Amino acid sequence: MAALYACTKCHQRFPFEALSQGQQLCKECRIAHPIVKCTYCRTEFQQESKTNTICKKCAQNVKLYGTPKPCQYCNIIAAFIGNKCQRCTNSEKKYGPPHSCEQCKQQCAFDRKDDRKKVDGKLLCWLCTLSYKRVLQKTKEQCKHLSSSSRASLQEKEQFSRLSSGSHYNSQKTLSTSSIQNEIPKKKAKFDAISANGDSIPSSPEMLCPLIQRAPSTLVQWAASQQTLGAHHCPVAQGIDILNFSPDLALDSPGTDHFVIIAQLKEEVATLKKMLHQKDQMILEKEKKITELKADLQYQESQMRAKMNQMEKTHKEVMEQLQERGIEATRELARGPSAFIPLGEVLQEGGESSLHQLLEAFVSAGRVDHVAMVMGLHPQYLSSFWKTQYLLLRMDGPLPYHKRHYIAIMAAARHRCSYLVGLHMGEFLQVGGNPAWLQGLHCAPQKLRNLSEINKLLAHRPWLITKEHIEALLKPGQDSWSLAELVQALVLLTHYHSLASFVFGCGIKPEEEQDVGSSCWAPSPHSDSSPASGDSVGGSGSTDAMQGLEVLMERMKLLQENQLEEEGVTQEEMATRFELEKTESLLVPSSDILDPSLQSNIRCFLEDPEFGYKDFTRRGEQAPPTFRAQDYTWEDHGYSLINRLYPDVGQLLDEKFQVVYNLTYHTIAMHCGVDTSVLRRAIWNYVHCVFGIRYDDYDYGEVNQLLERNLKVYIKTVACYPERTTKQIYAQFWRHFRHSEKVHINLLLLEARMQAALLYALRAVTRYMT
């Protein structure tokens, strides 16, 4: 009895001839588990299920390393580790760098230094070698089949000839001969048809030539498309034998990896659709939450409005009762946010939109500080300012919250602004800051103390900042700053330096709950007797102020009419006028009234307290080079740098600059329908001028025509040494202008000063990076 052998899959026993070579599978298992190529490594394996398209080894690697990448040599998607597949990695270690494959022309064939291991003397890559061997094997099988078919036809022919030679069949000789002659061409046509379909190939060269001429048109089209597309790993090249253009070669070539990539892309599309659906659900939930919050905000606004109306009514009744009894109310009962602006005008000029912004500030922060109340005179700007400050202090960023408030304290201390210092000392403790740090800068970490030098320069002389200052802060070490942290710190420093100018320029009073020893501005011996805007102005003073207003209106109109004619001014003349304006700014005196004694809660946060503003151009001294605005602009350089290192802040800062620069109500004093663009531009460019920034396309002669001397004194004092601002110099310029218009000037000062300091700092950062 013949020996039986077990199938490797079903383990049933069969004769040896019934099992396949290599895998030892029975016929049923071969049908149920066909041999397929792995999607990734392209090796053949027994497919256990139709959904299983990768071999066991690749499946294990996918679990360990994830989806593979294309190999940089053979382009097979099997690079699980690094950029090369394991086969190319091992071959490179063993045989050296790869060479160009003579079939596919890709740099993925490894020379084994043994001609016996080459395929017909050709240096082929692994895929081309498999394809070549498979074609040869199939050709041999077809030749065997063809030879057996030829022998069968010869035997049939001999049988016909024997039958036709007998006397019994002589009467049918002609018929038989014709039948045989008709039969043989049919056989030959059958062989040709078989060859044309790729099932068999004739063994003789004579029969091979017409076969080549009748190669499958689809295969030729596939080869032409591969050459036309210029695929990176195309198995078709000029001069290749047409026999190599077989479907097996096409399927085995790396060009089929495109189908794998398409399958992967389909999976990614499905995943992205699923993610998109999830995002849509999240958006719907957030929109629902936003609607609920808006409804809640509206309810809180109505409640707050009713509460304010009730408080106003109660206050009015109390005041009437006091007047009936003959009791005079003290000044503290009418305390307002500013020492320069009467409380009534703050509430009256703000309007409905201002009240809405203040209510939003109250709901988000739980309080409305005096700065917000004064800025509420311009609600459009207050909204932009509030969003920027909220992002700087309360939203995600490189710096922790308590360090942000400590940097604000350091910045405000440079200008002796106890209002901001006290405000952020409380905020610092609320966000979990260490109370010991508030004892002074010497108790803070060294990383924060390292900011003292650049804080000092940004506050008083920003033109002295160089890339060496940036490099010192970013130098690797225990107390080093990252670039993103430093940019946020620079924005915070410039923000609070300029905000200190606004606090002093508008005479902001301390909050009632602030525990400060004195006000945040230096007291003036003439502050009580100095006239406010529109107060105690009479006689010749009032007439002069009215005449000055009319002169200003005429000059603004004349400049706007002659703006096109002024374009003919040469660059040399523009530069001369800028230098003249810079020199004239030295003649602008500043108030010498300054409290010599520094409060202890201010001095402890200062290093080198004597360091202050020094005129950009001083007589008898060599001035630093002028900062040409066209060489480093906010729009082209500063904005993009901040957005790259501190996302979203650049957009909000740019919006804030644009809002205040374009803010206008088309009014000036009692005149309406006025274009104030030339006046706003003159104020903005004059602030930049005192900090050494020059615009080549601006005629600085307009500054002298539009800005009176008292206004220049006020601008330079608030911008350069705000702690010296007094009520007197606030009241001396633009006597017939409303307080809201003077606040508008302070907003222009705030943003122009911040942008100037930021330009110097960001230019140093850019030079460090390049």
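Mentor: Helices here are DSSP runs of type H or I with at least four residues, strands are E runs of at least two, and both are numbered from the N terminus. The model is a predicted one.

Trainee: How many helices and strands does the secondary structure of the chain come to?
Mentor: With the runs counted in that way, the strands come to twelve. The helices of the chain come to 28.

Trainee: What share of the residues of the chain counts as buried?
Mentor: A residue is taken as buried when its relative accessible area is under 20%. The chain has 770 residues, and the part of them that counts as buried is 43%.

Trainee: Which word describes how H16 lies relative to H18, given the angle at which they pack?
Mentor: Helix H16, residues 452-460, packs against helix H18, residues 483-505, with the two axes 10 Å apart and an angle of about 40 degrees between them.

Trainee: What is the handedness of the crossing in which H16 passes H18, and how do the residues of their contact divide?
Mentor: H16 passes H18 in a crossing that is right-handed. On the H16 side the contact is made by Ile454, Asn455, Leu458 and Ala459, while H18 brings Leu490, Leu493, Thr494 and His497. By class, the residues of this contact divide into no charged, three polar and five nonpolar.

Trainee: Is His405 buried or exposed?
Mentor: His405 lies in helix H13, which covers residues 401-413. Beyond its neighbours up to four places away in sequence, His405 touches Leu393, His424, Glu427, Phe428 and Val431. Its relative accessible area is 2%, and because that is under 20%, His405 is buried.

Trainee: Where is Pro398, and what separates its C-alpha atom from that of Gln488?
Mentor: Pro398 sits in the loop between helix H12 (379-394) and H13, and at 30% relative accessibility it counts as partly exposed. Leaving aside neighbours within four places in sequence, Pro398 is in contact with Ala484, Glu485, Gln488 and Tyr646. Although Pro398 and Gln488 are 90 residues apart along the chain, their C-alpha atoms are separated by 7.3 Å.

Trainee: How far apart in space are Trp634 and Leu758, C-alpha to C-alpha?
Mentor: Trp634 belongs to helix H22, residues 634-645, and is buried with a relative accessible area of 2%. Among the residues that Trp634 touches, not counting those up to four places away in sequence, are Phe657, Gln755, Leu758 and Leu762. Trp634 and Leu758 are 124 residues apart in sequence, and their C-alpha distance is 8.7 Å.

Notes: Residues numbered from 1 in each chain as written. Predicted model: local features only at pLDDT ≥ 70, side-chain atom pairs only at ≥ 80, totals over all residues. Heavy atoms only, no water. Axes fitted to C-alpha atoms, helices over the stretch in contact; angles between N-to-C directions. Left-handed = near helix turned anticlockwise from the far one by under 90°. Contact = heavy atoms within 4.5 Å. Nonpolar A, V, L, I, M, F, W, Y, C, P; charged D, E, K, R; others polar. Buried < 20%, exposed > 50% of the residue type's maximum accessible area, 1.4 Å probe, protein only.
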